[in-house]
Amino acid sequence: MNALYIKEAINKLVSEAKFTYFGKKITWKDNRPQPTDDQIKAKIKELEAEALINAKYAGIEKHIYSFYSEKKQSQDTKWADSYTTKLKASGVEDLELKIVNKAKAFFLGGTLEEMLEDVADEQKPYFKKLIKVAIRTEWAELCVMEGKKAIQEDREPNYPPFPNI
């Protein structure tokens, strides 16, 4: 049995079980019914499979963070909140829809300059930042979808390139 998962496996089978494991031997200190070796081995296999999937999901996060760090995402969220408030206060309607549509246009080959053509000059810096945040967020979401699909298909992911905007 894989010693790494024995404690977790047993505790999933018997909540808060009391036992020791030493020299490949389990010594029970619990009066409740004990799981069989086969039950423990089966649970260990489940945990190992789960760990493998979790490692693959961690690879998705690692890829995203290598281009778009948690710190940058946090900063973007703060800017987006502030600029959204300012634009809404100045009377911009359907702001979220406009930003989402402009970000989608980027992935269809549109340029940032084209996306800002219909925006008033005083609002362009705010829209520009919000569009950039939306593009980076969309990229991260596309990476997650590709990563999950690759896991399901048991292949290496083919992530979209990071949008250098």
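Helices (H or I, at least four residues) and strands (E, at least two) are DSSP runs, numbered from the N terminus. Asp94, for example, lies in the loop between helix 3 and helix 4. This is a predicted model, in which local features need pLDDT of at least 70, side-chain atom pairs count only at pLDDT 80 or more, and totals for chains, interfaces and linings use all residues. Residues are numbered from 1 along each chain as its sequence is written, and side-chain values use heavy atoms, with hydrogens and water left out.

**Nonpolar cores**

- A nonpolar core is a set of buried Ala, Val, Leu, Ile, Met, Phe, Trp, Tyr and Cys residues joined through side-chain atoms within 4.5 Å.
- Buried means under 20% relative accessible area, exposed means over 50%, and partly exposed lies in between (1.4 Å probe, protein chains only).
- The largest nonpolar core has 17 residues. Those with the most contacts inside it are Leu87, Leu95, Ile99, Leu116, Phe127, Leu130 and Ile131.
- Two or more residues of this core come from each of helix 3 (70-89), helix 4 (95-107), helix 5 (112-115) and helix 6 (124-152).
- Helix 6 gives the most to this core, with 6 residues.
- Contact means heavy atoms within 4.5 Å. Not counting residues up to four places away in sequence, Leu87 touches Val92, Leu95, Gln123, Tyr126, Phe127 and Leu130.

- Two packed helices are described by the angle between their axes and the distance between the axes.
- Axes are lines fitted to C-alpha atoms, for helices over the stretch in contact, and angles run from 0 to 180 degrees between N-to-C directions.
- The axes of helix 2 (residues 37-67) and helix 6 come within 10 Å and cross at roughly 155°.
- That angle makes helix 2 roughly antiparallel to helix 6. The cut-offs are under 35 degrees for roughly parallel, over 145 for roughly antiparallel, 65 to 115 for roughly perpendicular, and oblique for the rest.
- Helix 2 passes helix 6 in a right-handed crossing. A crossing is right-handed if the near helix is turned clockwise from the far one by less than a right angle, and left-handed if anticlockwise.
- On the helix 2 side, the contact uses Ile53, Lys56, Tyr57, Ile60, His63, Ile64 and Phe67. They meet Trp139, Ala140, Cys143, Val144, Gly147, Lys148 and Ile151 in helix 6.
- By class, the residues of the contact of helix 2 with helix 6 are 10 nonpolar, 2 polar and 2 charged. Here Ala, Val, Leu, Ile, Met, Phe, Trp, Tyr, Cys and Pro count as nonpolar, Asp, Glu, Lys and Arg as charged, and the others, Gly among them, as polar.

- His63 sits in helix 2. His63 counts as buried, at 18% relative accessibility.
- Beyond four places in sequence, His63 touches Trp139, Cys143 and Tyr159.
- Phe67 is also placed in helix 2. Phe67 counts as partly exposed, at 43% relative accessibility.
- Leaving aside neighbours within four places in sequence, Phe67 is in contact with Trp139 and Phe162.
- Phe67 and Pro161 are 94 residues apart in sequence, yet 9.7 Å apart in space, C-alpha to C-alpha.
- Gly147 lies in helix 6. Gly147 counts as buried, at 2% relative accessibility.
- Setting aside neighbours within four places in sequence, Gly147 is in contact with Ile60, Pro157 and Tyr159.
- Gly147 and Glu61 are 86 residues apart along the chain, and their C-alpha atoms are separated by 9.3 Å.

**Helix 4 against helix 6**

- Helix 4 and helix 6 pack at an angle of about 60°, with their axes 9 Å apart.
- That makes helix 4 oblique to helix 6.
- Helix 4 passes helix 6 in a right-handed crossing.
- Helix 4 brings Leu95, Ile99, Lys102, Ala103, Phe106 and Phe107 to the contact. Helix 6 brings Phe127, Leu130, Ile131, Ala134, Ile135, Glu138, Trp139 and Leu142.
- The contact of helix 4 with helix 6 has 12 nonpolar, no polar and 2 charged residues.

**Positive phi in two loops**

- Most residues other than glycine have a negative phi.
- Glu16 has a phi near 55°, a positive value. Glu16 is in the loop between helix 1 (3-13) and strand 1 (19-22).
- Glu16 is exposed, with a relative accessible area of 62%.
- Asp94 has a phi near 50°, also a positive value. Asp94 counts as exposed, at 55% relative accessibility.
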